[in-house]
Amino acid sequence: MRVEQSTLFGALALSPLALAGPLFQPRATADSGAYDEFHRTAQLSSAAYTGCIGTAFDVTITKQINELSTDTQGFIGYSTSKQRITVAMRGSTSATDIANDVDTTLVTPSLSGVNFPSGAQIMHGIYSPWSSVHDDVISEVKSLVEKYPDYTLESTGHSLGGSLTYISYVALAQNFPGKQIISNAHAAYPIGNEAFANFGAQQNGTLNRANNADDGVPNMYVMWPWDFVHYGTEYYSSGTAATTVKCSGERDTSCSAGNGQVGVTAGHFSNFGIQMGLAGCSSL
Ligand SMILES: *[C@@H]1O[C@H](CO)[C@@H](O)[C@H](O)[C@H]1NC(C)=O
């Protein structure tokens, strides 16, 4: 999907800033120590575009996700070096994926093992692909949890895969209460209403938003008529440890919210030092 800000979302590009008031002060702080975590999950997110077999960097793949009915791909596996069980979802590559990216009709989700609060709604373009793989993901993670009971859980992905991470995090946190979990949503657009975002933020774990400088995708759907809400902690980087900052709140103007971009812009295709889809399957 290559929607320049001047086209689909251009007319709305300035509205979040036009509304800027005391809530929109830049407050980010330098956090070079956070870079390695996001560089690694950017590699895994890139690997999800590549269709790696057997291994993806430090992760041994135990299950490929390839649901043809909704064109949903990713992989599940485990990392002995990180002691984590991993779920990685692929971003957009097909016409079906792009149709999902723009299918913003809100629906009330229902997923096994998840107790959504009343009023929580997410966009159909995320609910449809995730619900088609949810049971398979939970059952594969369950069998890995039995094999590696001391491992923690993680989920990740870039773009559509990042937005799927907003729901994979909730799905895993709810189905595996008491398991430590970290999910890194790279270059994600928000997927649901405030009640959903609040529910995401209440889960017992860590959800990070890992965003690249000048990427307009995190600014999609935040404005009227969608008013979708991000949750988690945003980190923002030009692709190096030295430029990595930890942002404050969901609309920190020293991070994505202030970059003036909306939609798929040039900054969308790399993330924390990784060219998405071009990083291969292993660090040689
Ligand atoms: C939250 O997760 C931790 C592991 O990270 C676990 O020890 C604790 O029991 C969990 N708390 C609740 C209320 O589930």
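Q: What is meant by saying that H4 bends at His-134?
A: The bend at a residue is the angle between axes fitted to the seven residues ending there and the seven starting there. For His-134 in H4 this angle is about 45 degrees. The model is a predicted one, in which local features need pLDDT of at least 70 and side-chain atom pairs count only at pLDDT 80 or more, while totals for chains, interfaces and linings use all residues. Residues are numbered from 1 along each chain as its sequence is written, and side-chain values use heavy atoms, with hydrogens and water left out.

Q: How do you know that the span of helix H4 agrees with its 24 residues?
A: The expected span is 1.5 Å times one less than the number of residues. For residues 124–147 that gives 34 Å, and the end C-alpha atoms are 34 Å apart, so the two agree.

Q: Why is strand E8 called mostly covered?
A: A residue is buried under 20% relative accessible area, exposed over 50% and partly exposed in between (1.4 Å probe, protein chains only). Seven of the seven residues of E8 are buried. On one side these are Thr-152, Glu-154, Thr-156 and His-158, and on the other Leu-153, Ser-155 and Gly-157.

Q: What makes E5 and E8 a pair?
A: Two strands pair if DSSP finds at least two bridges between them. E5 (residues 84–89) and E8 run parallel and are joined by six bridges, with Arg-84 opposite Thr-152. E8 also pairs in the parallel sense with E9 (residues 181–186), over six bridges. There Thr-156 has Asn-184 as its partner, and Gly-157 has Ala-185.

Q: Why are E1 and E2 called edge strands?
A: Ten strands form an open sheet of mixed pairing, in the order E1-E12-E11-E10-E9-E8-E5-E4-E3-E2. E1 (29–30) and E2 (55–56) each pair on one side only.

Q: What makes the unit of E8, H5 and E9 right-handed?
A: With the strands pointing away from the viewer, a right-handed crossover runs clockwise from the first strand over the helix to the second. The β-α-β unit of E8, H5 (residues 160–175) and E9 is of this hand.

Q: Why does Ser-45 count as buried?
A: Its relative accessibility is 0%, so Ser-45 falls in the buried class. Ser-45 lies in helix H2 (residues 35–50), where twelve of the 16 residues are buried. Beyond its neighbours within four places in sequence, Ser-45 is in contact (heavy atoms within 4.5 Å) with Thr-156, Gly-157, His-158, His-186 and Met-276.

Q: What is noted about the phi of Phe-57?
A: Phi there is positive, about 55 degrees, although Phe-57 is not a glycine. Phe-57 sits in the loop between E2 and E3 (59–67) and is buried, at 12%.

Technical notes. Helix = DSSP H or I, 4+ residues; strand = E, 2+ residues; numbered from the N terminus.
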